[in-house]
Amino acid sequence: MPRTVHLMALGIFAMVTSEFLVGGLMPQISADLGVSIARVGYLITAFGLAMAVGGPIAATALMRLAPKTALLVLFAVFIAGNALAAAAPGYPVMLAARVITGAASGAFFGVAVTAVIRLVPEGMRGRATGAAMQGLMVGTLLGLPLSTLLGGLWGWRAAFAAVGVLAAAVALAVLAFMPPLAPAEDAGGPREEAAVFRRPRLLVALLGSTFIIGATFSAFSYFAPILTEVTGFSEGAVPVLLLVYGAASVVGNAVVARFAQSHTRTAIAIGLALNALFLAGFALFAGAKAPAVAAMIGIGLVGVTLNPAMAMRVHRAGNARALVNTVHSSFITLGVVLGSWFGGMAIDAYGLRAAPWIGVALAAAGLLTLVPDRLRDRGGRSGKGAAPGGAPEAAGPAEPVGAQGA
């Protein structure tokens with residue numbers, strides 16, 4: 001695997017860690033900036049919205065640059081945003097810093113995945129995407145505990161400074177070791193690039209990713225209260241259990257990455273079916289410790305770990321260029337928002353066990369988005385045919401992503 005793939009994983013890890021920083025530092029930020037916990041919580045919302053909306057805007061602005069140049073620009077913006085957060089004299093500046101870092105993070109995901117795909121042979125795209133996405137899994141695993149640890153040792157400002165330093169180190173490594181890639185030869189202007197979103201099949205694939213991520217986050221967002229109030233674990237046990245969940249997601253991502261390209265839809269279908277089963281088990285047996293932990297580990301294995309297969313599906317339905325990848329990350333972020341929102345509404349109405357049932361419903365909706373492709377396969381068998389369970393099942397290769405430079 002090229003060294004750049006692992007550098008992209010480190011960059012994504014830095015972005016995801018920055019996203020989770022506020023969650024572990026809420027009391028400190030609240031006291032230092034003189035605002036309520038609720039207003040500090042809005043910093044998380046602002047980061048997510050900036051990723052979803054600002055990410056595609058930033059990617060569009062950078063689409064004519066070579067990938068290496070675009071990545072370095074995004075690193076510079078991200079580092080500046082974290083420096084601004086570390087030095088923020090008040091809440092408005094802190095809010096601006098979160099918007100800046102969120103937009104840079106959203107665009108970085110898209111540009112990084114595009115660069116990874118262009119750096120490996122076509123047959124390795126799924127595994128390379130999975131390797132880069134390990135940054136997301138490890139960031140989810142370690143982001144919150146790392147932020148809490150750094151904040152406890154040196155204060156919340158040091159945590160943001162540390163993420164900026166990490167990003168700077170990765171940027172220097174990208175500058176030194178990433179091979180040059182020419183801008184995509186077939187890339188047009190913003191209007192031409194956006195035309196791909198007129199394809200219904202691409203929109204269905206993007207919506208499918210929203211449902212996949214939403215299914216997991218409807219439960220993940222409320223693991224802590226469910227595990228303490230329903231299952232009966234102590235508050236001190238929850239971080240350990242979340243680390244176990246995160247470790248399962250790292251393993252699951254590695255497994256999915258091996259099949260993401262050759263068995264794209266099959267991996268998604270099996271993953272969604274298993275996730276629905278584990279979510280239902282978590283809801284039904286949340287009152288018993290061993291079954292609840294087993295179900296939680298299962299959700300970790302087959303939930304957000306479907307990212308590599310989701311990416312391959314989107315590439316085949318649209319293309320593998322930066323704008324499509326960035327918009328895909330926006331739909332993933334939308335899944336996080338919708339999953340946690342619907343889960344919270346269900347809890348308000350029916351109690352804590354209701355949140356995983358929302359996940360079951362969203363997983364079922366995700367499975368339904370696979371039906372049009374399945375019907376298309378059946379309709380085409382009299383002509384081209386369809387390979388069983390593999391990449392051709394997704395109806396055609398991804399569009400070219402441009403030639404590699406010298």
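How are H2 and H4 oriented to each other?

A: First, the ground rules. This is a predicted model, where local features need pLDDT of at least 70, side-chain atom pairs count only at pLDDT 80 or more, and totals for chains, interfaces and linings use all residues. Residues are numbered from 1 along each chain as its sequence is written, and side-chain values use heavy atoms, with hydrogens and water left out.

Now the pair. H2 and H4 are oblique to each other. The axes of helix H2 (residues 37-62) and H4 come within 6 Å. They cross at roughly 40°. Helices (H or I, at least four residues) and strands (E, at least two) are DSSP runs, numbered from the N terminus. Axes are lines fitted to C-alpha atoms, for helices over the stretch in contact, and angles run from 0 to 180 degrees between N-to-C directions. Angles under 35 degrees count as roughly parallel, over 145 as roughly antiparallel, 65 to 115 as roughly perpendicular and the rest as oblique.

The crossing of H2 and H4 also has a hand: it is right-handed. A crossing is right-handed if the near helix is turned clockwise from the far one by less than a right angle, and left-handed if anticlockwise.

Which residues meet? On the H2 side they include Arg 39, Tyr 42, Phe 47, Gly 54 and Ala 59. On the H4 side they include Tyr 91, Arg 98, Gly 102, Ser 105 and Phe 109. Contact means heavy atoms within 4.5 Å. By class, the contact of H2 with H4 holds 16 nonpolar, six polar and two charged residues. Here Ala, Val, Leu, Ile, Met, Phe, Trp, Tyr, Cys and Pro count as nonpolar, Asp, Glu, Lys and Arg as charged, and the others, Gly among them, as polar.

H4 has another partner. Helix H3 (residues 67-86) and helix H4 (residues 91-119) have axes that come within 8 Å and cross at roughly 155°. That makes H3 roughly antiparallel to H4. The crossing of H3 and H4 is left-handed. Their contact divides into 19 nonpolar residues, four polar and one charged.

Now look at another pair. Helix H1 (residues 3-33) packs with helix H6 (residues 156-177) at an angle of about 165°, and their axes are 8 Å apart. H1 is therefore roughly antiparallel to H6. This crossing, of H1 and H6, is left-handed. By class, the contact of H1 with H6 has 20 nonpolar, five polar and three charged residues.

Step back to the whole chain. The chain has 16 helices and zero strands. Its C-alpha trace spans about 60 × 50 × 35 Å along the principal axes. For 406 residues, a compact globule would have a radius of gyration near 22 Å, and the chain's 21 Å agrees. That radius is taken over C-alpha atoms, and the globule rule is 2.2 Å times the number of residues to the power 0.38. Of the 406 residues, 55% count as buried. Buried means under 20% relative accessible area, exposed over 50%, and partly exposed in between (1.4 Å probe, protein chains only). Take the contacts between residues at least 6 apart in sequence: 86% of them join residues at least 24 apart.

Some single residues put those terms to work. His 328 sits in helix H14 (residues 322-350). His 328 counts as buried because its relative accessibility is 5%. Neighbours within four places in sequence aside, His 328 is in contact with Leu 206, Ser 209, Met 310, Ala 311 and Val 314.

Ala 248 is in helix H10 (residues 238-259). At 7% relative accessibility, Ala 248 is buried. Beyond its neighbours within four places, Ala 248 is in contact with Ile 297, Gly 300 and Leu 301.

Other residues are not buried. Ala 361 lies in helix H15 (residues 354-368). With a relative accessible area of 45%, Ala 361 is partly exposed. Ala 361 and Ala 215 are 146 residues apart along the chain, yet their C-alpha atoms are separated by 7.5 Å. Glu 229, in helix H9 (residues 223-231), counts as exposed at 62% relative accessibility. Glu 229 and Gly 287 are 58 residues apart in sequence and 9.1 Å apart in space, C-alpha to C-alpha.
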